[in-house]
Amino acid sequence: MYSVKFNSEVNQIEDVHQIKIDVPWAVKNVSLYLFTIKEKNVLFDSGLDMGNWGKIFFSALNDISLTIQDIDYCFISHNHSDHVGLAGTLKQKNPNLKILMHDITSKTLKWENESQNLNELEQEAKKVAFQMIKYGFNEKQAERVVQFFSYWPKFRKYQKPDIILHDGDRILEDLEVIWTPGHSFGHICVFNTKKKFLFSGDHILSRITPHIGNYIIPKFLTEQYEGYDFNNILKHYLNSLDRIDKLNPKIIFPAHQEIIYNPHKRISEIKEHHKNRLAEISRVIKNNPLTPLKISQIHFGDLDDMNSFLALSEVLGHLFFLENQDLVKSVEKNGKILYYS
Ligand SMILES: [Zn+2]
């Protein structure tokens, strides 16, 4: 499908190598990071399995005088296709490589990849689509939501991890695993406690705020994590930001866009952004009940179906956060849910 040639570059920042390769969507590129710790070569994230992406990655490794046989550990930040893509290929080429991912990421990917779950996946996607109709979508837009959730898992092959991670785990002594739910339920950052470097995946990016929203979570996982509030994702995301801020990282190495040399400032900007959006949404619906779709159109304008779904889910994240604090209320009218403050 994608026959484009992806451009790539290799950079060195202190003792970390960045391999930055183009991807054919809005974030423009994906960065993987390589560093050595206790004489082990560690890779953060495994990129995308699409077109000649893998080939470009292996030739970039070559440029820093390494081969896949030299890599000892590969962390996976979360379950999205531009982060887990090549995990299986890497493991196949080097069976000694240890793949590491959070328990939730492993279980989600495994579930998505088992054919007996396709029916449950589709049913869950239909439930989400039905809910989106209540929030303002028409039938055609809802159908695209179902397609979206059935399409992407094809690019996320399950690779069984060699090490299953939980919050607070230490790898090679110096690397601390920080569970940062928000962008994805099982998202992790990895913190080098000695150097104070943070590998942030999609949790913290330099120019955009990551999309907040987790939709299809298998039932057994919601049961396993029953104390977790699956509704108020923005709250989890903001808590995850505060946790990172407290670590006082010196440099943040994100999966997209530019390296962040002023972590505290960037975290404050992202928090400010959400604070402003919460205030704007409250203002727009003051004594003026609107569907979440209408609110998202006021904020983001008219978008294509896919982006209007992302915009809608972003607005919902904020509405649920406000609702949780009793700052907004909802009412159902003619099959649509309206929010007001
Ligand atoms: Zn990403």
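Q: Which residue in strand 6 is the bridge partner of Cys74?
A: This is a predicted model, where local features need pLDDT of at least 70 and side-chain atom pairs count only at pLDDT 80 or more, while totals for chains, interfaces and linings use all residues. Residues are numbered from 1 along each chain as its sequence is written. Helices (H or I, at least four residues) and strands (E, at least two) are DSSP runs, numbered from the N terminus. In strand 6, Cys74 has as its bridge partner Ile99.

Q: In which sense do strand 5 and strand 6 pair, parallel or antiparallel?
A: Strands of a sheet pair through backbone hydrogen bonds, in either of these two senses. Pairing is assigned if DSSP finds at least two bridges between the strands. Strand 5 (residues 73-75) and strand 6 have 3 bridges, and their sense is parallel.

Q: Which strands are the edge strands, pairing on one side only?
A: The sheet is open, with 7 strands in the order 1-2-3-4-5-6-7 and mixed pairing. Its edges, each pairing on one side only, are strand 1 (8-13) and strand 7 (163-165).

Q: What angle does helix 4 make with strand 6?
A: Contact here requires two C-beta atoms, placed from the backbone, to lie within 7 Å. Helix 1 (residues 53-63) lies across strand 1 and strand 2 (16-22), at about 150° to strand 2. Helix 4 (residues 103-113) packs on the sheet as well, touching strand 6 and strand 7, and its angle with strand 6 is about 95°.

Q: Is Leu100 buried or exposed?
A: Leu100 sits in strand 6 (residues 98-102), where its contacts beyond four places in sequence include Tyr73, Cys74, Ile163 and Ile171. A residue is buried if 20 or more other C-beta atoms lie within 10 Å of its own, exposed if 12 or fewer, and partly exposed in between, with C-beta atoms placed from the backbone. Leu100 has 23 such neighbours, so it counts as buried.

Q: Which residue stands opposite Val190 in strand 10?
A: Strand 9 and strand 10 (residues 188-192) pair antiparallel over 5 bridges. Beyond four places in sequence, Val190 touches Phe44, Phe75, Leu175, Val177 and Phe199. The one that stands opposite Val190 is Val177.

Q: How many residues of strand 9 are buried?
A: Strand 8 (residues 170-171) and strand 9 run antiparallel, joined by 2 bridges, and Arg170 has Glu176 as its partner. The two strands form a hairpin with 3 residues between them, and Leu172 in the turn has a positive phi of about 50°. Strand 9 (residues 175-179) is mostly covered, and of its 5 residues the number buried is 4.

Q: Is Gly182 buried or exposed?
A: Gly182 lies in the loop between strand 9 and strand 10. Among its contacts beyond four places in sequence are His187, His203, His236 and Tyr237. Because 23 C-beta neighbours fall inside 10 Å, Gly182 counts as buried.

Q: How are helix 10 and helix 11 oriented to each other?
A: Helix 10 (residues 292-300) and helix 11 pack at about 110°, with axes 9 Å apart. Angles under 35 degrees count as roughly parallel, over 145 as roughly antiparallel, 65 to 115 as roughly perpendicular and the rest as oblique. Helix 10 and helix 11 are therefore roughly perpendicular.

Q: What is the radius of gyration of the protein chain?
A: The protein chain has 11 helices and 14 strands. The globule rule, 2.2 Å times the number of residues to the power 0.38, is compared with a radius taken over C-alpha atoms. For 341 residues the rule gives 20 Å, so the chain is as compact as a globular protein of that length, the two values being close and its own radius being 20 Å.

Methods:
Axes are lines fitted to C-alpha atoms, for helices over the stretch in contact, and angles run from 0 to 180 degrees between N-to-C directions.
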